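These are my notebook entries on one structure. I set down what I looked up, entry by entry.

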Amino acid sequence: MSLKDKLDLQRLPRHIAIIMDGNGRWAKERGQDRLYGHHEGVESVRTIVETCAELGIGYLTLYAFSTENWDRPVYEVNGIMELLVNTIRKEVNTLSKNNIRLRVIGDMDMLPPQCQQEMEEAIALTSHNTGLNLIMALSYSARWEIVNAAKKIAADVKKGALDPAAVTPEVWEKYLCTAGLPDPELMIRTSGECRISNFLLYQLAYAELYFTDTRWPDFRNEHLYQAILNYQTRERRFGKTSEQIQQNEEIIS
């Protein structure tokens with residue numbers, strides 16, 4: 001039986017978030033420039049997006065470029081931005097044909113003008129699609145997002161549009177980049193690092209975390225199936241006891 005056949009299609013995570021790590025190390029291990037790894041990582045993106053769409057996953061968030069990544073060598077940053085523009089240009093029609101909707105979270109103002117334009121056009125072109133929601137985290141930082149949300153809430157309170165006493169978790173979430181999106185249930189990080197690295201700190205509060213030594217350019221559908229199978233072995237309690245969860249399942253069944 002293949003890994004795919006072992007999946008319980010009734011218990012798939014609705015939202016998967018992935019930290020695509022290891023492009024540079026993968027390239028250096030092969031005696032190549034770091035940018036070579038980023039170019040090869042595009043094939044992994046294509047494969048995982050197609051696989052999630054086929055499985056019926058509703059939301060896939062990919063951590064493509066963090067706010068901290070701007071501090072990398074200029075040649076690498078410029079190369080990544082150029083790769084991003086070219087990839088979007090090549091893939092947008094395929095996304096649309098496959099009913100995939102593209103969204104972006106992060107500080108878009110920091111991106112080069114051409115990159116912003118390509119992203120905006122792709123978002124508009126796929127905005128009516130009803131299949132997989134592909135969310136790209138670009139120039140994104142969870143701390144930046146949380147501070148930005150706090151500033152917006154403070155501004156609304158100052159002008160009388162929001163009562164401080166009315167700020168609930170539900171209200172707070174409306175000020176985040178991910179407003180309207182469900183929280184990730186499964187977070188995958190490749191390349192052996194076991195940390196979240198400033199990624200969706202608020203939204204990952206109850207996500208199941210899965211770490212793999214596989215470098216991102218080598219990550220394929222079988223690796224995704226393995227991560228989902230691991231997710232399906234876990235009991236998601238949300239602060240409750242195992243007995244409470246079992247009782248609720250018995251009532252539902």
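**Entry 1: Tyr-210.** I looked up the contacts of Tyr-210, leaving aside neighbours within four places in sequence, and found Leu-186, Met-187, Ile-188, Arg-189, Gln-226, Ala-227, Asn-230 and Arg-234. Contact here means heavy atoms within 4.5 Å. The model is predicted, so local features need pLDDT of at least 70 and side-chain atom pairs count only at pLDDT 80 or more, while totals for chains, interfaces and linings use all residues. Residues are numbered from 1 along each chain as its sequence is written, and side-chain values use heavy atoms, with hydrogens and water left out.

I placed Tyr-210 in strand β6 (residues 208-211). Helices (H or I, at least four residues) and strands (E, at least two) are DSSP runs, numbered from the N terminus. Tyr-210 counts as buried because its relative accessibility is 13%. Buried means under 20% relative accessible area, exposed over 50%, and partly exposed in between (1.4 Å probe, protein chains only). I also noted that Tyr-210 and Ser-66 are 144 residues apart in sequence and 20 Å apart in space, C-alpha to C-alpha.

**Entry 2: two serines.** Most residues other than glycine have a negative phi. I found that Ser-139 has a positive phi, near 50 degrees. Ser-139 belongs to strand β4 (residues 133-140) and is buried, with a relative accessible area of 0%. Ser-191 also has a positive phi, of about 80 degrees. I located Ser-191 in the loop between β5 (186-189) and β6, and at 4% relative accessibility Ser-191 counts as buried.

**Entry 3: the nonpolar cores.** Which residues touch the most other members of the largest nonpolar core? I found Ile-16, Ile-18, Leu-60, Leu-134 and Ile-188, in a core of 45 residues. Helix α4 gives the most to this core, with eight residues. A nonpolar core is a set of buried Ala, Val, Leu, Ile, Met, Phe, Trp, Tyr and Cys residues joined through side-chain atoms within 4.5 Å.

**Entry 4: α4 and α5.** I read that helix α4 (residues 74-97) and helix α5 (residues 113-126) pack at an angle of about 15 degrees, with their axes 10 Å apart. That makes α4 roughly parallel to α5. Angles under 35 degrees count as roughly parallel, over 145 as roughly antiparallel, 65 to 115 as roughly perpendicular and the rest as oblique. Axes are lines fitted to C-alpha atoms, for helices over the stretch in contact, and angles run from 0 to 180 degrees between N-to-C directions.
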